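Here are my notes on the model, as numbered points. Please read them with the coordinates open.

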Amino acid sequence: MSPARLTPGRGGAASRRRERQQEILAATRALFDARGVRDAQIDDVAKAVGVNRAIVYRHFASKDELFGLVLVDYLTELDAQMAAAPHPGDTPQTQLRALAEVFVDFCLDHPAFLDCALSLLRRPGSELLGEMSEQALFTLGRTMGTSLGRIAEVLRQGSAAGAFCPEASDDADLLANVLYAQGLGAVHLARAGFVVTADGSGSHFGPVAVDRVREAAVRGILATARGI
């Protein structure tokens, strides 16, 4: 009798698939960090992993899905920093400032995160639904929701204490999303490196220091929470 032929089980195939997905995600993030989002191409990702582009698309429905799941990696790292930032005994204002500073600093330290987050925000939800699988969107939403939930809880506490506007309690989740988008836009000024000013002679472009943008972005988040 000939020996029985062993075939890999489904568990082994699933494990290898997850490993390959993680390899592709890690290679994509490395390219983001080294070159930026705009210069990262699928062919470069495939080359870094040692596969062809068809293999990449076998694991990810689209370029948007791949980039969205790399954003999940950034967001997971960001949330770990946010979790350690505020002290439970601090006032809501102090807690929100701590969260805002972590968020703004993370954007400044990881330009690719900023670009990736902004690129997805520019896409209508209907387009993302067409480009990303439901599972990928669920993963992205769940990861974003963790960090946004931290902000929303501080907003509720601050509103109850009279430190923030009533909307901070009535619609804390929406306001947390607004602060997220507001922070991304403000930090983008630091990437641009200039501001527009106007006087009697017309409009002018002038350089702006990163530290000034950083503090303005943090103050802006706090001011919005206070309803100013």
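1. R150 counts as partly exposed, at 31% relative accessibility. The bands behind such labels are: buried under 20% relative accessible area, exposed over 50%, partly exposed in between, with a 1.4 Å probe and protein chains only. The partner of R150 is D79, and their side chains meet in a salt bridge at 2.7 Å, N to O. The term needs a side-chain nitrogen of Lys or Arg within 4 Å of a carboxyl oxygen of Asp or Glu. R150 sits in helix α8 (residues 134-160) and D79 in helix α4, so the pair ties together parts 71 residues apart in sequence. D79 itself is buried, with a relative accessible area of 12%.

2. A word on provenance. This is a predicted model: local features need pLDDT of at least 70, side-chain atom pairs count only at pLDDT 80 or more, and totals for chains, interfaces and linings use all residues. Residues are numbered from 1 along each chain as its sequence is written, and side-chain values use heavy atoms, leaving out hydrogens and water.

3. How many salt bridges does a search of the whole structure find? The count is 14. R29, D33, D73 and E77 are linked in a network of such bridges.

4. R214 and D105 form another salt bridge, with the closest N and O atoms 2.6 Å apart. R214 belongs to helix α11 (residues 210-226) and D105 to helix α5, so parts 109 residues apart in sequence are tied together. R214 is partly exposed at 21% relative accessibility. D105 is partly exposed too, at 25%.

5. R191 and D115 also pair: their side chains meet in a salt bridge at 3.0 Å, N to O. This pair links distant parts of the chain, with R191 in helix α10 (residues 172-192) and D115 in helix α6, 76 residues apart. R191 counts as partly exposed at 36% relative accessibility. D115 is buried, with a relative accessible area of 16%.

6. Now helix α6 as a whole. It spans residues 111-121 and is mostly covered, with 8 of its 11 residues buried. The buried residues are A112, F113, L114, D115, C116, A117, L118 and L120. For the element labels: helices (H or I, at least four residues) and strands (E, at least two) are DSSP runs, numbered from the N terminus.

7. Take C116, which lies in α6. Its relative accessible area is 0%, so C116 is buried. Which residues does C116 touch, not counting residues up to four places away in sequence? They are F32, V37, F67 and L71. Contact here means heavy atoms within 4.5 Å. C116 and L179 are 63 residues apart in sequence and 17 Å apart in space, C-alpha to C-alpha.

8. Last, a helix pair. The axes of α4 (residues 63-84) and α5 (residues 92-109) come within 9 Å and cross at roughly 145°. The axes are lines fitted to C-alpha atoms over the stretch in contact, and angles run from 0 to 180 degrees between N-to-C directions. The contact is made by Y74, E77, L78, Q81 and M82 of α4 and by L99, V102, F103 and F106 of α5. By class, the contact has 7 nonpolar, 1 polar and 1 charged residues. Nonpolar covers Ala, Val, Leu, Ile, Met, Phe, Trp, Tyr, Cys and Pro; charged covers Asp, Glu, Lys and Arg; the others, Gly among them, are polar.
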